[in-house]
Amino acid sequence: MTARAADPPSPRARRPPVERQHSAGGLVTREGRVLLIATAGGRRWQLPKGHVEPGESVAQAAAREVREETGVRARIVAPLPGIDYFFVEKNGRRVRKHVDYFLLEYLDGDEADFDPKEVDAARWFPWEEALERLSHANERRVAERARELAPAATASMTAANPGGEP
């Protein structure tokens with residue numbers, strides 16, 4: 001009987017495992033405008049988001065990330081659809097990310113106070129322009145849903161909380 005060479009491992013067997021990440025973020029509205037952030041030297045516009053920290057709820061993470069990345073403080077008025085996507089980092093690490101989004105209403109702060117280590121810019125846009133500028137179709141769908149909810153959600157939150165506290 002002759003020895004047979006072992007079959008080489010399949011390309012799938014050599015892939016590193018998929019890392020799962022969970023983030024939260026939001027779409028902030030103010031007087032008919034939407035706040036977006038710019039990344040990649042201002043070439044990409046997107047919704048603010050970031051990792052959910054241990055012990056933090058997704059709502060807390062969303063409000064924190066909005067503050068860090070946009071310079072404004074906002075209150076959550078409604079949940080929005082989440083998104084899932086997959087990417088491969090430069091080092092070959094494969095990541096499957098889930099992002100929970102929320103509709104938020106501006107409270108205070110200045111978009112000029114964004115964290116320059118996190119983003120390149122934060123800017124208010126009218127709804128139509130914001131939808132056009134969003135770089136990712138999945139975030140555009142989230143923003144379209146937010147536009148449907150914004151008037152009703154904001155009105156019900158104001159009636160329930162006339163003082164405006166988060």
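Me: Buried means under 20% relative accessible area, and exposed means over 50%. On that scale, is Glu-105 buried or exposed in this model?
Reply: The model is a predicted one. Glu-105 belongs to strand β6, residues 94–109. Its relative accessible area is 15%. That value lies under the 20% limit, so Glu-105 is buried.

Me: Which residue forms a salt bridge with Glu-105?
Reply: Side chains of opposite charge can pair when their charged atoms come close. For Glu-105 the closest N and O atoms of the pair are 2.5 Å apart, within the 4 Å that a salt bridge requires.

Me: How far apart are the closest N and O atoms of Arg-33 and Glu-31?
Reply: Arg-33 is partly exposed at 28% relative accessibility, while Glu-31 is exposed at 70%. The two form a salt bridge, for which the cut-off is 4 Å. The closest N and O atoms of Arg-33 and Glu-31 are separated by 3.9 Å.

Me: What is phi of Glu-31 near?
Reply: Glu-31 sits in the loop between β1 (18–30) and β2. Its phi is positive, although the residue is other than glycine. The value is near 50°.

Me: Which loop holds Ala-40?
Reply: Ala-40 is not a glycine, yet it has a positive phi of about 55°. At 22% relative accessibility, Ala-40 counts as partly exposed. Its place in the chain is the loop between β2 and β3.

Me: What is the distance of the polar contact between the side chains of Thr-39 and Gln-46?
Reply: Thr-39 is part of strand β2, residues 33–39, and is buried at 13% relative accessible area. Leaving aside neighbours within four places in sequence, Thr-39 is in contact with Arg-44, Gln-46 and Asp-120. With Gln-46 there is also a polar contact between side chains, at 3.4 Å.

Me: What volume does the largest pocket have?
Reply: Rolling a probe the size of a water molecule over the atoms shows where empty space is left. For the largest pocket, the volume comes to about 540 Å³.

Me: Which residues lining the largest pocket are the closest to its centre?
Reply: The elements that give two or more residues to the lining are β2, β3 (44–46), β4 (49–51), α1 (58–70), β5 (72–88) and α3 (137–160). The lining has 22 residues in total. Those closest to the centre are Arg-44, Gln-46, Lys-49, Tyr-85 and Lys-97.

Me: How many charged residues are in the lining of the largest pocket?
Reply: Sorting the lining by class gives 6 nonpolar and 7 polar residues. The number of charged residues is 9.

Me: Which residues outside four places in sequence does Asn-138 contact?
Reply: Asn-138 belongs to helix α3. At 18% relative accessibility it counts as buried. Once neighbours within four places in sequence are set aside, Asn-138 is in contact with Ile-83 and Tyr-85.

Me: How far apart are the C-alpha atoms of Lys-117 and Glu-69?
Reply: Lys-117 is in the loop between β6 and β7 (121–126), and it is exposed at 78% relative accessible area. Along the chain, Lys-117 and Glu-69 are 48 residues apart. Their C-alpha atoms are separated by 9.0 Å.

Me: How many salt bridges does the structure hold?
Reply: One of them joins Glu-89 and Arg-93, with closest N and O atoms 2.6 Å apart; Glu-89 is partly exposed at 23% and Arg-93 is partly exposed at 35%. Glu-56, Arg-64, Glu-65 and Glu-68 are linked in a network of salt bridges. The count for the structure is 12.

Me: What pattern does the chain follow along the sequence?
Reply: The secondary structure comes to 3 helices and 7 strands. Read along the sequence, these run as β-β-β-β-α-β-β-β-α-α.

Me: Among contacts between residues at least 6 apart in sequence, what share joins residues at least 24 apart?
Reply: The chain has 166 residues, of which 38% are buried. Among its contacts at a separation of at least 6, the share that joins residues at least 24 apart is 72%.

Terms used:
Residues are numbered from 1 along each chain as its sequence is written. This is a predicted model: local features need pLDDT of at least 70, side-chain atom pairs count only at pLDDT 80 or more; totals for chains, interfaces and linings use all residues. Side-chain values use heavy atoms; hydrogens and water are left out. Helices (H or I, at least four residues) and strands (E, at least two) are DSSP runs, numbered from the N terminus. Buried means under 20% relative accessible area, exposed over 50%, partly exposed in between (1.4 Å probe, protein chains only). A polar contact is a pair of N or O atoms within 3.5 Å; within protein, one must be able to donate a hydrogen and the other to accept it, and residues adjacent in sequence count only if both atoms are side-chain atoms. Contact means heavy atoms within 4.5 Å. On a 1 Å grid over the protein atoms alone, a cavity is a set of points where a 1.4 Å probe fits but cannot get out, and a pocket is an open set with protein on both sides within 12 Å along at least five of seven lines; lining residues have an atom within 4 Å of a point. Grid points are joined across faces, edges and corners, and a volume is the space filled by probe spheres set on the points. Ala, Val, Leu, Ile, Met, Phe, Trp, Tyr, Cys and Pro count as nonpolar, Asp, Glu, Lys and Arg as charged, and the others, Gly among them, as polar. A salt bridge is a side-chain nitrogen of Lys or Arg within 4 Å of a carboxyl oxygen of Asp or Glu.
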